[in-house]
Amino acid sequence: MQKQEKIIEMFNQIAPTYDRANRILSLGADVSWRKKACARVLELCEGEDLSIVDVACGTGDMIGFWQQGAKNAGRKIHSIRGIDPSSAMLEIAKNKFKNVPFIQAGAELLPLEDARIDIISISYGIRNVVKRAQALQEFVRVLKSGGFLLVLEFTQRKSGGLMGRVRDFYLVKILPILGGIISKNKSAYAYLPASIEGFLSAEGLMGELEGAGFEILEFKSFSFGVSSMFIARKV
């Protein structure tokens with residue numbers, strides 16, 4: 001089994017407990033991160049009747065945050081879709097959002113037409129895409145000129161400081177145990193800190209985005225560097 005297939009199968013296995021685990025393991029902070037990110041992109045994005053695609057949508061959390069964020073901002077969403085390679089995750093998403101189209105596909109090969117999308121979001125998913133460069137090129141392809149990309153991700157952390165040590169201890173020592181208890185799949189949550197350690201720094205990810213054809217508009221770190229937000233625009 002290829003690396004990407006193994007990652008997809010892991011998410012299939014933890015899908016039933018995924019939402020509950022996210023809320024517990026982040027102490028609810030991921031809700032705030034997602035709300036703030038959606039609200040900020042909607043502030044920056046002009047135009048009406050927005051077309052939004054959430055890639056690596058998982059159980060569809062971001063769909064709800066986009067819908068509520070647009071409502072709060074008085075903006076209209078013309079179309080919103082979720083895309084994910086995990087069939088088990090998508091089954092949950094479909095039950096949560098019965099009127100939203102969900103498509104089973106990977107980020108590296110989006111079944112979308114060229115230059116039709118205003119906003120693409122990918123939350124805690126780009127780290128799990130093996131063919132990342134290909135995925136970024138797909139984002140460029142399907143976005144309209146001037147379209148926005150929102151990335152929320154766990155990047156390599158800078159060491160040092162009391163809060164940094166506390167954060168690292170939690171991610172490496174505590175989170176895999178709690179995640180294993182909640183999901184009954186300890187290896188899946190041991191994968192999380194390992195995948196972060198093997199991923200890019202925030203600066204490295206911004207470099208890749210720029211190399212793919214994006215202009216970085218904003219970068220923000222949440223919760224002492226645990227999570228990072230990147231807002232970029234297709235040049």
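Y18 counts as buried (under 20% relative accessible area, with exposed meaning over 50% and partly exposed in between, for a 1.4 Å probe and protein chains only), because its relative accessibility is 16%. This is a predicted model, in which local features need pLDDT of at least 70 and side-chain atom pairs count only at pLDDT 80 or more, while totals for chains, interfaces and linings use all residues. Residues are numbered from 1 along each chain as its sequence is written, and side-chain values use heavy atoms, without hydrogens and water.

**Aromatic rings**

- A pair of aromatic rings is described by the distance of the centres and the angle of the planes.
- Rings of Phe, Tyr and Trp (its six-membered ring) pair if their centres lie within 6.5 Å; planes under 30 degrees apart count as stacked, over 60 as edge-to-face and the rest as tilted.
- By this rule there are 5 aromatic pairs.
- One of them joins F11 to Y18 edge-to-face, at 6.1 Å centre to centre and 70° between the planes.
- F11 is buried, with a relative accessible area of 16%.
- F219 and F230 form a tilted pair, because their ring centres are 5.2 Å apart and their planes stand at 45°.
- This pair links distant parts of the chain, 11 residues apart: F219 lies in strand β6 (residues 214-222) and F230 in strand β7 (residues 227-234).
- F219 is partly exposed at 37% relative accessibility, whereas F230 is buried at 1%.
- W33, Y124 and F154 form one aromatic cluster.

**Parallel strands and crossovers**

- Helices (H or I, at least four residues) and strands (E, at least two) are DSSP runs, numbered from the N terminus.
- Two strands pair if DSSP finds at least two bridges between them.
- Strands β1 (residues 50-55) and β2 (residues 77-84) run parallel and are joined by 6 bridges.
- Between β1 and β2 the chain passes through helix α4 (residues 61-73) in a right-handed β-α-β crossover.
- Right-handed means that, with the strands pointing away from the viewer, the path from the first strand over the helix to the second runs clockwise.
- V55 stands opposite I83 in β2, and I83 stands opposite I103 in β3.
- β2 pairs with strand β3 (residues 102-104) in the parallel sense over 3 bridges.
- The chain crosses from β2 to β3 through helix α5 (residues 87-96), and this β-α-β crossover is right-handed.

**Position of I177**

- I177 is in helix α7 (residues 162-183).
- I177 counts as partly exposed because its relative accessibility is 43%.
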